2 protein chains.
Amino acid sequence: MSYFENYLNANKAYVDLHGNKHLPLKPKTRVAILTCMDSRLHVAPALGLALGDAHILRNAGGRVTDDVIRSLVISQQQLGTREVVVMHHTDCGAQTFTNDSFAQQLQRDLGVDVEGQDFLPFDDIEASVRHDVNLLKASPLIPDDIVISGAVYDVDTGRITEVN
Amino acid sequence: MSYFENYLNANKAYVDLHGNKHLPLKPKTRVAILTCMDSRLHVAPALGLALGDAHILRNAGGRVTDDVIRSLVISQQQLGTREVVVMHHTDCGAQTFTNDSFAQQLQRDLGVDVEGQDFLPFDDIEASVRHDVNLLKASPLIPDDIVISGAVYDVDTGRITEVN
């Protein structure tokens, strides 16, 4: 039994609400938001996004990785976005381990050697946001006229605060 | 002027609705959903997710990459998820280019040589879902007892269909 079956049932009600409409492939506000996979963050309502407004990229931590650069290049060069928001959050799972402790755990529990692999944990949220904003600014694949902002989301209050 | 300022304003209303509450770090339904960054897909309402229910991972195409494996290992081994849903969608931006054409475009417009890099475009949605489900099943970092489902989201109707 999978939980996926429940989603399929819930989706039936959503289809009735959705109706049949074709929105453009290119996001209306020309923004891509990069944030964490955390379950307590629902990006669209927290930022006031309507369907079709913005690309949403999510991984563990909301970190800038090669895959995020790949996605942003497609977002910008194929689909016309001109702005990026990097948003990390309080009480993040990426603050619960170190690479060394996690490598030991995976060796013990999965029998897989991941020593040397960076799972991108962090301690200081604002520092991680600034680090990732700077990675984007330094990338030759992200044009200099792309507007890049940093932010922190508070999972307890829902509040977003800009990081300068 | 950035669009991000608008999000900060919209977020003020969300904070009032949200109230102050602390939900657990570990997702309630123990599911991680991998899907595309597309602006016309709002994952939580489409699947009936409440705040705190499930991890949501998103990149260009909803493709399985090293960064997705990194995120899923954290999701499963640190945060207790036991199920993955891989969901691609109709009218995807990853269907609008080939690696060769995109490399030529980036060389011309950004002056960057990305020849040989795979931006993970695809033609057939169901085939790409099956391909990515199989990548997860083959990964030594994803335990065999993790339940993995595949699905397609229709951006015009909001309907989710299982891919077997």
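User: A polar contact is a pair of N or O atoms within 3.5 Å; within protein, one must be able to donate a hydrogen and the other to accept it, and residues adjacent in sequence count only if both atoms are side-chain atoms. How many residue pairs do that between chain B and chain A?

Analyst: There are 41 across that interface, counting pairs with both residues at pLDDT 80 or more. Keep in mind that this is a predicted model, where local features need pLDDT of at least 70, side-chain atom pairs need 80 or more, and totals for chains, interfaces and linings use all residues; side-chain values use heavy atoms, without hydrogens or water. Residues count from 1 along each chain as written, while chains are lettered from A and ligands numbered from 1 in written order.

User: Ok, and how many salt bridges?

Analyst: Zero between chain B and chain A, with a salt bridge being a Lys or Arg side-chain nitrogen within 4 Å of an Asp or Glu carboxyl oxygen.

User: How much area gets buried there?

Analyst: About 7,500 Å², with 61% of it on carbon and sulfur atoms. That's the accessible area (1.4 Å probe) both parts lose on being put together, summed over both.

User: Which residues of chain B lose the most?

Analyst: Y7(B), M37(B) and R70(B), which together make up 10% of what that side buries. By element, helix 1 (residues 4-18) of chain B gives the largest share of that side, nine residues. Helices here are DSSP runs (H or I) of at least four residues, and strands are E runs of at least two, numbered from the N terminus.

User: How many residues are in the contact overall?

Analyst: Chain B puts in 89 and chain A 88, with contact meaning heavy atoms within 4.5 Å. The copies meet through the same surface, because 99% of chain B's interface residues are also interface residues in chain A.

User: What rotation puts chain B on chain A?

Analyst: One of 180°, with 0.0 Å of shift along the axis and an RMSD of 0.0 Å. So the two copies are related as by a two-fold rotation axis.

User: New topic: what's chain A built from?

Analyst: Five helices and five strands, running α-β-α-β-α-β-α-α-β-β from the N terminus.

Conventions
Buried area = accessible area lost by both parts, 1.4 Å probe. Least-squares fit on C-alpha atoms with pLDDT ≥ 70 in both.
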